[in-house]
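These are my notebook entries on one structure. I set down what I looked up, in the order in which I looked.

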Amino acid sequence: MTLPPLAGLGDLVNDYPYLMCDLWGVLHNGLFAFPEAVSALSDARKEGAKVIFVSNSPQREWVVREILQSLSVGPDVFDGLVTSGELARTYMIDNFKNQIFFHLGPGSDRRTIESVPLRETAEPEAADVILATGLIYQNVDDHGPFLQNAAARKIPMLCANPDRLVYHAGELAVCAGAVADLYEAMGGPVIWLGKPAPPPYEACLRLFSVMAGKSVRSDQVLMIGDGLVTDIPGAIKCGVKSLFVQSGVHSHEIEEDGLCAVIKRYGVRPDYRTGHLSWNGT
């Protein structure tokens, strides 16, 4: 398999003035931001590019903005932000207002459901909709018996974090996407509201068009991401070019098996690649 040579953002920004950029694994690792990535996006904006961060975080957009600020990622680095948590919350309000919901996730995600115009239940099978932001048991399989009746009733699950795994400070953490996979395998319907599903990409295109004051075409947009399950296949589906960051979630696989083998394993091919996000490409 022939792969594109390493590329930096400086090589691409003239052709793709609208940049969608993943956060975790590309811009930061949960503890600190990557200086070269921050600098590259800042330089891109100086060249006239628009940058929207698009994250599978289950948190609301204002929460993620506060997190970015704590990591010293300021407004000079980006123009907008889209989170799957915000998309899921909006979808639930728009489609299940005044109905009953169950929150599947840790207490740290409760801000996503604050002040929603729905009633909450402690039993998933008693809900009209399940909002999944994370795990409530340590192991994914332990959720099966708890969700069995809800799956049998075909209660829809809104997945507010389609990631299966992320690296947090060098350690792998399991996310809501893994539980949503289990629920789907049990026969429960899942509505995916983050990458690689279309909603976040469509939301970014709408925001870019508002910023530009005209319709922005998908071929003017570049998706920067480290996920061969989320970022890259979602970009392909939406007709958006992609820059794959090798130092993110697949870095250990690449070290062990090589880049070509990993790309083949996931069956997607990015348009460009880079070791880590930077202006010059390394």
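I worked on a predicted model, in which local features need pLDDT of at least 70, side-chain atom pairs count only at pLDDT 80 or more, and totals for chains, interfaces and linings use all residues. Residues are numbered from 1 along each chain as its sequence is written, and side-chain values use heavy atoms, with hydrogens and water left out.

Entry 1, cores. I took a nonpolar core as a set of buried Ala, Val, Leu, Ile, Met, Phe, Trp, Tyr and Cys residues joined through side-chain atoms within 4.5 Å; buried means under 20% relative accessible area, exposed over 50%, and partly exposed in between (1.4 Å probe, protein chains only). The largest such core has 31 residues, and Leu41, Phe53, Val73, Ile224 and Leu277 have the most contacts inside it. Among the elements that give it two or more residues are helix H2 (35-46) and strand S2 (50-55); helices (H or I, at least four residues) and strands (E, at least two) are DSSP runs, numbered from the N terminus. H2 supplies the largest share, 5 residues. Another core, of 29 residues, lies apart from it and includes Tyr18 and Val116.

Entry 2, strand S6. I found Val129 and Leu131 pointing one way from S6 and Ile130 and Ala132 the other way, all of them buried. Strands pair if DSSP finds at least two bridges between them. S4 (residues 100-104) runs parallel to S6, with 4 bridges, and leucine 104 has alanine 132 as its bridge partner. S7 (residues 157-159) is also parallel to S6, with 3 bridges.
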